[in-house]
Amino acid sequence: MSPQPQAAVGAPLSRVDGRLKVTGEARYAAEHDVDGAAHAVLVDASIGRGRITAVDTRAALAHPGVLRVLHHGNAPRLPYRANSGSNNPPGRRLRVLQDDLVRFHGQPVAVVIATTLEAAQHGARLVKVRYDAEQPSTDLAEGEPGKPETYARGDAEAALRDAAVRLDLSYRLARNHHNPMEPHATIARWDGGSLTVWDKTQWVVGTQQELAAVFGLAKDAVRVISPFVGGGFGSGLRCWPHTVAAALAARVAERPVKVVLSRRQMYAGTGFRPAYDYRLRLGSDRRGRLKGAIHAIDGETSSYETFTEGIMTAGQTLYSLAAVRQAYRTVSLDVNTPVWMRGPGFASASFVLETAMDELADRLGLDPIELRRRNEPDEDESNGHRFSTRRLRECCTVGAREFGWESRPLQPRSRREGDWLIGMGMAAGVYDPGRMPAKARARLDADGTAVVEAASSDMGPGTYTAQTQVAADALGLTMRTVTFRLGDSLYPPTPAHGGSMTMASVGSAVLDACDQIRRQAIELAVADRESPLHGADAEDVVVRAGRLHLRSDSARGETYRSLLGRNDRAHLSADGSYAGPPDSERLTVHAYNATFAEVAVDATLGLVRVRRMLGVYDAGRIISSKLAESQAIGGMVGGIGTALMEHTITDHRDGRIVNANLADYLVPVNADVPEVKALYLEGNDPDADPLGVKGLGEVVQVGVAPAIANAVFNATGRRVRELPITIEALL
Ligand code: MOS
């Protein structure tokens with residue numbers, strides 16, 4: 001078929017759901033009206049490790065409005081069938097109210113169900129839980145590491161021995177929490193043997209599969225509904241204990257039950273970006289060509305599951321290096337299980353790699369961009385695969401020009417404006433976006449409007465809008481005549497809405513479904529004796545604004561409406577799919593960026609103020625430039641948080657998170673966010689997927705923290721190898 005004109009894809013469109021969001025009409029998980037819903041509040045463990053010896057529910061049950069109090073002593077036993085299909089890491093998942101073990105501070109140990117939220121909240125305070133407490137182990141530095149995941153090529157020890165310049169650097173990265181605006185929440189309702197949940201999730205299909213496994217149900221007996229997600233950053237990539245608790249409570253109470261986590265409960269009730277201790281040894285020759293690298297990485301995980309993430313990839317593929325050795329160990333602690341958080345693994349690795357590159361550049365007296373240029377690989381050296389598109393150099397060149405890199409102070413601590421030391425820094429970023437099988441279905445009605453459905457989520461990047469753009473262009477319809485629906489496990493299955501894979505995976509399935517419908521319509525027209533297109537070459541027909549016409553003669557054509565009406569077709573429909581990359585593919589598809597930062601550091605007080613930032617991205621085709629810009633600004637803001645503020649602090653005496661609230665866990669606010677600019681390199685990645693996109697939601701947070709750290713070094717001459725960079729570290 002003839003390529004369609006692209007009217008919507010690439011345009012800076014506003015969100016199709018923007019009006020619903022700003023008028024409060026968009027329904028988030030806790031806001032759905034479910035008749036007769038009771039409220040449940042979780043009681044969470046006040047010890048970090050040990051056993052529950054007694055649960056006294058009398059006072060709670062005596063409180064007006066309290067219906068039931070569930071705990072391990074009276075909760076029904078649940079099957080908890082094995083399930084590898086829902087992002088559960090290896091291990092034995094936490095079984096909600098199934099035993100007397102406390103594995104971390106904040107673990108749910110009881111659920112109070114009441115007719116009102118207030119009664120449930122007060123009831124939860126009245127439950128008296130007694131424990132046999134043990135000393136928890138929550139400090140990464142003190143824990144016992146497990147068997148490492150390893151990688152090696154070449155002889156890294158020898159390469160380092162022979163290197164003219166050697167660095168041996170130890171880093172410490174704080175734990176971060178996602179802190180989306182919308183708290184996690186679930187409403188659960190049983191209808192006989194089937195379960196419906198309204199949930200905050202980035203993966204309705206994953207939550208459906210997990211609830212089916214936990215309750216021993218057929219998958220189709222569970223429906224998960226999640227049309228709007230108020231931010232996620234990864235916190236919704238798993239089905240967490242409170243969702244199971246809601247379903248369990250609804251079953252026992254024999255009525256729908258709603259659970260909303262408090263902000264405090266979010267810190268132990270969902271995952272987090274794990275803390276890391278990371279030692280990097282790096283060697284180069286005198287011209288800055290890297291010779292060898294040895295990475296020793298320790299990351300935290302829980303005592304019951306082993307969470308790992310892609311922290312090793314960048315060290316294998318970002319720069320040309322003959323000899324690399326990596327050992328990545330997880331340390332089992334008495335904490336809840338971590339989960340991916342924006343730029344997962346890669347953002348953490350980038351702080352280490354990219355500040356080390358900056359140290360090397362400083363040691364060699366080289367421009368940091370020139371150092372990176374000298375180490376540009378020709379292929380993916382971890383597997384010999386070709387890069388699909390790799391435009392990191394161009395990101396650096398464009399960024400340097402647009403940011404005014406040539407004006408950066410060449411000597412650290414050489415520019416001062418009053419009390420403020422001024423510095424500029426940059427970092428490179430890489431992310432390996434996922435491409436996974438996905439399905440979608442589309443229907444074109446005789447009135448010339450279309451509906452497209454896929455189970456995906458939209459946690460904020462603008463999936464509703466971007467998928468509508470793809471569908472509108474493929475169908476030859478205007479944006480207003482296409483409705484895209486998501487967030488329901490009844491729709492065709494899609495992968496988790498994360499890992500930067502939604503646009504490539506779901507988008508390619510949407511494209512397929514809509515291409516099929518357009519083809520059906522064109523075939524119908526050219527075969528229809530009454531159509532002006534009768535007998536035309538199908539290859540020469542395009543559709544624009546709902547009207548099929550010859551590319552070579554736009555006057556010859558007719559609308560979908562007249563075509564379908566005359567042929568008594570109520571609709572045309574198609575199931576679309578994307579199979580994911582072929583197994584035989586010898587291709588590395590990565591997204592890249594160069595991020596630039598200028599900071600001012602108060603010479604006396606150590607205060608760091610980011611003054612301006614620029615990110616330049618190689619992310620393949622951009623579907624919506626406006627939404628992509630928002631993504632990048634959000635990623636840079638998140639990176640400011642990681643660099644300068646975010647730090648989940650645990651009291652290692654009892655495992656309690658002491659700053660489990662948004663007053664003490666600092667995130668950037670408007671005053672912390674200066675002029676932030678995003679530029680996307682034009683073009684696409686035709687080898688990546690049918691849409692030519694590479695995914696951009698994750699890469700935008702990679703490289704941000706090191707760009708800021710490198711700017712802090714340039715301003716102050718102080719190298720801080722710990723995140724966040726605090727005032728104390730700069731005094
Ligand atoms: Mo992203 S960390 O996969 O939500």
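Okay, let's start with Tyr 80, which sits in the loop between E3 and strand E4 (101-102). A quick word on labels: helices (H or I, at least four residues) and strands (E, at least two) are DSSP runs, numbered from the N terminus. Residues are numbered from 1 along each chain as its sequence is written. And please keep in mind that this is a predicted model: local features need pLDDT of at least 70, side-chain atom pairs count only at pLDDT 80 or more, and totals for chains, interfaces and linings use all residues.

Back to Tyr 80. Phi there is positive, about 45°, although the residue is not a glycine. Most residues other than glycine have a negative phi, and most peptide bonds are trans. Is Tyr 80 buried or partly exposed? Tyr 80 counts as partly exposed because it has 18 C-beta neighbours inside 10 Å. The cut-offs go like this: 20 or more other C-beta atoms within 10 Å of a residue's own is buried, 12 or fewer is exposed, and in between is partly exposed, with C-beta atoms placed from the backbone.

Asn 179 also has a positive phi, near 50°, and is not a glycine. You'll find Asn 179 in the loop between strand E8 (165-173) and strand E9 (185-191). Asn 179 has 22 other C-beta atoms within 10 Å, so it is buried.

One more backbone spot: a cis peptide bond joins Leu 723 and Pro 724, with omega about -5°. Pro 724 is in the loop between strand E32 (722-723) and helix H17 (727-730).

Now, helix H3 (residues 117-126). Which of its residues are buried? Those are Ala 119, Ala 120, Gly 123 and Ala 124. They cover an arc of only 135° around the axis, so they are on the same side of H3. That arc is the one made by the directions from the helix axis to the C-beta atoms. The cover over those buried residues includes strand E1 (38-44), helix H2 (58-62), strand E3 (66-71) and strand E5 (108-114).

On to helix pairs. Helix H12 (residues 463-475) packs with helix H13 (residues 502-527) at an angle of about 30°, and their axes are 8 Å apart. So H12 is roughly parallel to H13. For the angles, under 35 degrees counts as roughly parallel, over 145 as roughly antiparallel, 65 to 115 as roughly perpendicular, and the rest as oblique. Axes are lines fitted to C-alpha atoms, for helices over the stretch in contact, and angles run from 0 to 180 degrees between N-to-C directions. The residues of the H12 contact with H13 divide into 11 nonpolar, four polar and two charged. Here Ala, Val, Leu, Ile, Met, Phe, Trp, Tyr, Cys and Pro count as nonpolar, Asp, Glu, Lys and Arg as charged, and the others, Gly among them, as polar.

The other pair is helix H15 (residues 625-644) and helix H16 (residues 704-716), at about 55° with axes 8 Å apart. H15 and H16 are therefore oblique to each other. Gly 635, Met 636 and Gly 639 are among the H15 residues in this contact, and Val 704 and Ala 705 are among those in H16; contact is when C-beta atoms, placed from the backbone, lie within 7 Å. That contact divides into eight nonpolar, three polar and no charged residues.

Last stop, Thr 397, in helix H11 (residues 392-403). Thr 397 counts as partly exposed because it has 16 C-beta neighbours inside 10 Å.

Technical notes:
Contact = placed C-beta atoms within 7 Å.
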